[in-house]
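I opened the file to look up a few things and noted each one as I went. The entries below follow the order of looking.

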Amino acid sequence: MKRRNFIKNMGALGLASTVPGLSANNMSHGYALPKSTIKVEDGWDVIIVGGGPSGCTAAISAAREGAKTLLVEAMGQLGGMGTAGMIPAWCPFSDGEKIIYRGLAEKIFVESKKGVPHERKDRLDWVSINPEHLMTVYDCMVTQAGAKVLFFSRLASVEMKTKDTIDALIIANKSGLTAFRAKVYIDATGDGDLAAWAGATFKRGDENGVVQSSTLCFSFANVDTYNYINGPTLHGGNANSPIHSAVKSGKYPLIDAHFCNNLIGSDVVQFNAGHLVNVDSTDPWAVSEAMIKGRQIAGQYLDAMKDLQPKTFGGAFIVKTGSLLGVRDSRRIEGDYIFTVDDWLQRKSFDDEIGRNCYYIDVHKAGHKSTHYKKGESHGIPYRCLTPKGLKNVLTAGRCISTDEEAFGSLRVMPPCLVTGEAAGMAAQHAIVQSKNDVHKIDIQYLRKRLKEENQYFL
Ligand SMILES: Cc1cc2nc3c(=O)[nH]c(=O)nc-3n(C[C@H](O)[C@H](O)[C@H](O)COP(=O)(O)OP(=O)(O)OC[C@H]3O[C@@H](n4cnc5c(N)ncnc54)[C@H](O)[C@@H]3O)c2cc1C
């Protein structure tokens with residue numbers, strides 16, 4: 001009886017298909033919400049959920065294109081994994097010969113470098129990130145473009161007008177629940193929350209649903225900079241790194257040889273190190289456990305470095321761990337096209353491409369071998385990877401776009417995420433002007449023309 005009432009209530013609220021985590025199969029454990037009316041914030045053209053790299057470029061480009069734009073972010077800062085997640089470096093911006101992530105991506109990269117003056121001016125690859133500086137870069141660029149930012153606000157559910165069209169997003173924050181309405185919505189949540197809750201089909205991980213490992217990044221302060229720079233290479237990719245003897249010793253059972261590190265300022269070294277295996281980032285319990293274990297892992301790396309490199313790390317302490325778990329792999333929302341590893345291997349170009357990518361296939365799973373391009377090589381990123389199948393007024397940007405699991409290993413990193421964000425923001429406004437909010441029907445050659453005018457790179 002209770003279950004029947006619950007389903008009835010959900011239907012009356014129009015919520016049945018959109019409440020996260022509930023489906024017809026697991027409703028027996030549901031809790032019936034009373035029918036209620038909540039306030040509405042109307043009149044937006046474009047709402048982007050998720051203020052990571054892709055959400056920021058989407059917001060800047062939608063606003064620049066003339067859309068009344070709102071960027072909704074769960075944290076109190078922009079930048080996603082690159083700031084709250086404390087990723088210590090940008091993946092390469094060049095194909096080994098020239099910069100290929102241009103447009104807004106290049107502008108953000110140039111501004112970001114001002115926060116790390118110790119880096120060589122002409123360096124394009126693996127440039128370190130000062131997260132406090134980078135978040136102010138995003139603050140400035142997003143607000144100066146005219147987009148509004150709403151912090152500490154989390155997408156809680158999606159209300160559908162019809163099966164293929166979103167009516168409103170339900171956002172939870174300190175004012176309770178509010179319905180936000182726009183003409184077009186962009187999912188830049190990384191995990192694909194918005195599109196999945198609107199009913200899009202998606203894949204997670206490999207054929208068994210196993211995702212790439214996560215990492216909780218962290219930084220040490222009071223490192224001896226001279227010894228850090230002049231001492232042995234610590235990177236786990238180097239066979240002589242002391243990290244290998246630390247792992248072999250068995251004294252620090254939580255650590256492994258994944259040990260990337262960058263000097264982000266005087267005496268401060270930031271680490272992308274260690275692995276948390278197969279964490280489901282859409283399960284808050286799993287993420288909570290991973291955060292706790294991640295902090296223990298950071299502690300063991302510090303102990304190991306103090307023991308093995310006392311001159312460099314003797315006085316060091318953990319100054320910060322990520323406020324966001326470093327999630328590499330989550331939902332990949334199925335679009336009109338699924339970019340595959342064969343496309344990647346063939347260096348394919350597409351009539352509807354919105355930019356290029358050259359990052360290697362970088363999959364964090366035991367035993368996986370990475371595959372690289374030669375200098376000057378790249379592939380196109382089709383617009384159709386940003387348009388979820390079966391949804392009219394929704395676009396995806398960043399790591400939740402439509403790829404297979406292997407190709408995802410290449411497209412998931414920040415430079416291509418910045419590129420897909422810029423294209424999605426532009427396309428959203430074009431859909432409003434050209435095709436009654438239908439993102440599948442925009443003039444793609446016009447989108448490409450506009451991207452070229454904004455200096456995006458094409459062959
Ligand atoms: C450990 C690790 C190391 C990496 N190393 C590198 C590297 O060295 N260089 C590199 O370039 N890339 C690296 N990457 C990849 C890269 O950082 C991410 O894939 C990239 O940031 C994805 O961008 P995004 O915009 O799609 O999402 P994210 O950066 O994940 O941002 C998503 C944002 O959405 C917000 N959000 C999520 N859900 C909701 C919701 N329901 N409501 C409101 N807000 C929400 C989050 O708070 C977050 O701010 C690494 C990733 C990881 C995890």
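Which backbone N or O atom lies 3.0 Å from an oxygen atom of the ligand? I found that the atom belongs to M81.

**Ground rules.** I am working with a predicted model, where local features need pLDDT of at least 70, side-chain atom pairs count only at pLDDT 80 or more, and totals for chains, interfaces and linings use all residues. Residues are numbered from 1 along each chain as its sequence is written, and side-chain values use heavy atoms, with hydrogens and water left out.

**Ligand.** A polar backbone atom of L155 is 3.0 Å from a nitrogen atom of the ligand. A polar backbone atom of M414 is 3.1 Å from an oxygen atom of the ligand. On its own the ligand has 1000 Å² of accessible area, and the protein covers 96% of this; such areas come from the Shrake-Rupley method with a 1.4 Å probe, and for residues only the protein chains shown count as cover.

I then listed the shell: 36 residues surround the ligand, a residue being near if one of its heavy atoms lies within 4 Å. The closest are S54, E73, A89, R399 and R412. By class I noted 18 nonpolar, 12 polar and 6 charged residues. Here Ala, Val, Leu, Ile, Met, Phe, Trp, Tyr, Cys and Pro count as nonpolar, Asp, Glu, Lys and Arg as charged, and the others, Gly among them, as polar.

The elements that give two or more residues to the shell are α2 (53-64), β5 (154-162) and α12. Helices (H or I, at least four residues) and strands (E, at least two) are DSSP runs, numbered from the N terminus. The largest share, 3 residues, comes from α12.

**Helix α12.** I checked the length of α12 (residues 414-434) next. Its 21 residues should span 30 Å at 1.5 Å a residue, and the end C-alpha atoms are 30 Å apart, which agrees; the expected span is 1.5 Å times one less than the number of residues. Of these 21 residues, 19 are buried, where buried means under 20% relative accessible area, exposed over 50%, and partly exposed in between (1.4 Å probe, protein chains only).

K436 follows α12 and sits in the loop between α12 and α13 (444-453). I read its phi as positive, near 50 degrees, in a residue other than glycine. K436 is exposed, at 79% relative accessible area.

**Another positive phi.** N278 also has phi near 50 degrees and is not glycine. I placed N278 in the loop between β12 (268-273) and α8; it is partly exposed, at 34%.

**Salt bridges.** How many salt bridges does a search of the whole structure find? I got 29, counting a side-chain nitrogen of Lys or Arg within 4 Å of a carboxyl oxygen of Asp or Glu.

D45 and K183 form one, with the closest N and O atoms 3.1 Å apart. This pair links parts of the chain 138 residues apart: D45 is in the loop between β1 (39-41) and β2 (46-49), K183 in the loop between β7 (176-180) and β8 (184-187). D45 is buried, at 14%, whereas K183 is partly exposed, at 36%.

K251 and D307 form another, also with a closest N and O distance of 3.1 Å. K251 lies in the loop between α7 (242-249) and β11 (259-265) and D307 in helix α8 (residues 284-308), so the pair ties together parts 56 residues apart in sequence. K251 is exposed, at 56%, and D307 is partly exposed, at 42%.

For K365 and E405 I noted 3.4 Å between the closest N and O atoms. K365 is in the loop between β15 (353-357) and β16 (379-382), and E405 is in helix α11 (residues 405-411), 40 residues apart. E405 is buried, at 11%, while K365 is partly exposed, at 24%.

I also noted a salt-bridge network that links R64, E65, E422, K449, R450, E453 and E454.

**Two more residues.** T215 is in the loop between β9 (202-204) and β10 (218-221) and is buried, at 2%. Its side chain makes a polar contact of 2.9 Å with the side chain of R328. A polar contact is a pair of N or O atoms within 3.5 Å; within protein, one must be able to donate a hydrogen and the other to accept it, and residues adjacent in sequence count only if both atoms are side-chain atoms.

P242 lies in helix α7 and is buried, at 10%. I found 8.2 Å between the C-alpha atoms of P242 and Q309, which are 67 residues apart along the chain.
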